[in-house]
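Colleague: Before the packing is discussed, may the sequence and the coordinates be shown?

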Amino acid sequence: ALSLNSRFPNNPLFHRYLGRCYVSNNNWEMVQSVFGEIAARAQKKQRGYSSSAWRESEYYLGICNMNNKLYDAALRHFYRCDELSRDLDKDEVSGFMVMANLKAGMANDALSRRELAEKQYRKVLDMKEYLDSHKQAEEFLKSPYKLF
């Protein structure tokens, strides 16, 4: 991924692939860097950096902020991911939309905003199941998300 991104620095596919590799390796500092750059390029409408790339970057930037306990910042990214998903997900709700709403609930719980958290969890239950999203939402409705 590094080699491809180095050889083709303006290729959004290789750029996103590099970011995903960092996610899989839990290298959150590099995830922040790579997906921050992808988001900036998408906002500038750089060729190939679509709303889909922007949505993905917003999701992973939110995860980075959650990992750093920056919950208000995480919420901004998750809400932007949700907003972009509403435009992109015409036929079917994406995993990004489902998980962004679940994570937004968790971030609200972390900020002791229980009513907002519950609202997010209920939204997840109204969406298509993605991985174990419904199970997690039901568990967090019973007992708030807690920090470890």
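Colleague: Is Phe96 buried, partly exposed or exposed, and what is its relative accessible area?

Modeller: The model is a predicted one. A residue counts as buried under 20% relative accessible area and as exposed over 50%. Phe96 falls between these limits and is therefore partly exposed, its relative accessible area being 22%.

Colleague: What is the geometry of the aromatic pair formed by Tyr60 and Phe96?

Modeller: The structure holds eight aromatic pairs. In the pair of Tyr60 and Phe96, the rings are 6.3 Å centre to centre, with 90 degrees between the planes. Planes over 60 degrees apart count as edge-to-face. The geometry of Tyr60 and Phe96 is accordingly edge-to-face.

Colleague: Which helices does this pair link?

Modeller: Tyr60 counts as buried because its relative accessibility is 16%. Tyr60 and Phe96 are 36 residues apart, and their pair links distant parts of the chain. The helices are α4 for Tyr60 and α6 for Phe96.

Colleague: Why is the pair of Phe140 and Tyr145 classed as it is, and what is the class?

Modeller: Both Phe140 and Tyr145 are buried. Their ring centres lie 5.7 Å apart and their planes stand at 85 degrees, so the class is edge-to-face.

Colleague: Does Ala137 count as buried or exposed, and which residues does Ala137 touch beyond four places in sequence?

Modeller: Ala137 is found in helix α8, residues 133–142. At 0% relative accessibility, Ala137 counts as buried. Beyond four places in sequence, the residues touched by Ala137 are Leu102, Tyr121, Val124 and Leu125.

Colleague: What does Leu102 contact, leaving aside its neighbours within four places in sequence?

Modeller: Leaving aside neighbours within four places, the contacts of Leu102 are Tyr121, Val124, Ser133, Gln136, Ala137 and Phe140.

Colleague: Within what arc do the buried residues of α7 fall?

Modeller: The buried residues of α7 are Ala117, Gln120, Tyr121 and Val124. Seen down the axis of α7, they line one face of the helix, because they fall within an arc of 100 degrees.

Colleague: What covers the buried residues of α7, and which exposed residues does the face turned away carry?

Modeller: The cover over the buried residues of α7 includes α5, α6 and α8. On the face turned away from the buried side, the exposed residues are Glu115 and Lys119.

Colleague: Which residues does Asn101 touch, not counting residues up to four places away in sequence?

Modeller: Asn101 lies in helix α6. At 2% relative accessibility, Asn101 counts as buried. The residues touched by Asn101 are Asp82, Gln120, Lys123, Val124 and Met127.

Conventions:
Residues are numbered from 1 along each chain as its sequence is written. This is a predicted model: local features need pLDDT of at least 70, side-chain atom pairs count only at pLDDT 80 or more; totals for chains, interfaces and linings use all residues. Side-chain values use heavy atoms; hydrogens and water are left out. Helices (H or I, at least four residues) and strands (E, at least two) are DSSP runs, numbered from the N terminus. Buried means under 20% relative accessible area, exposed over 50%, partly exposed in between (1.4 Å probe, protein chains only). Contact means heavy atoms within 4.5 Å. The arc is that of the directions from the helix axis to the C-beta atoms. Rings of Phe, Tyr and Trp (its six-membered ring) pair if their centres lie within 6.5 Å; planes under 30 degrees apart count as stacked, over 60 as edge-to-face and the rest as tilted.
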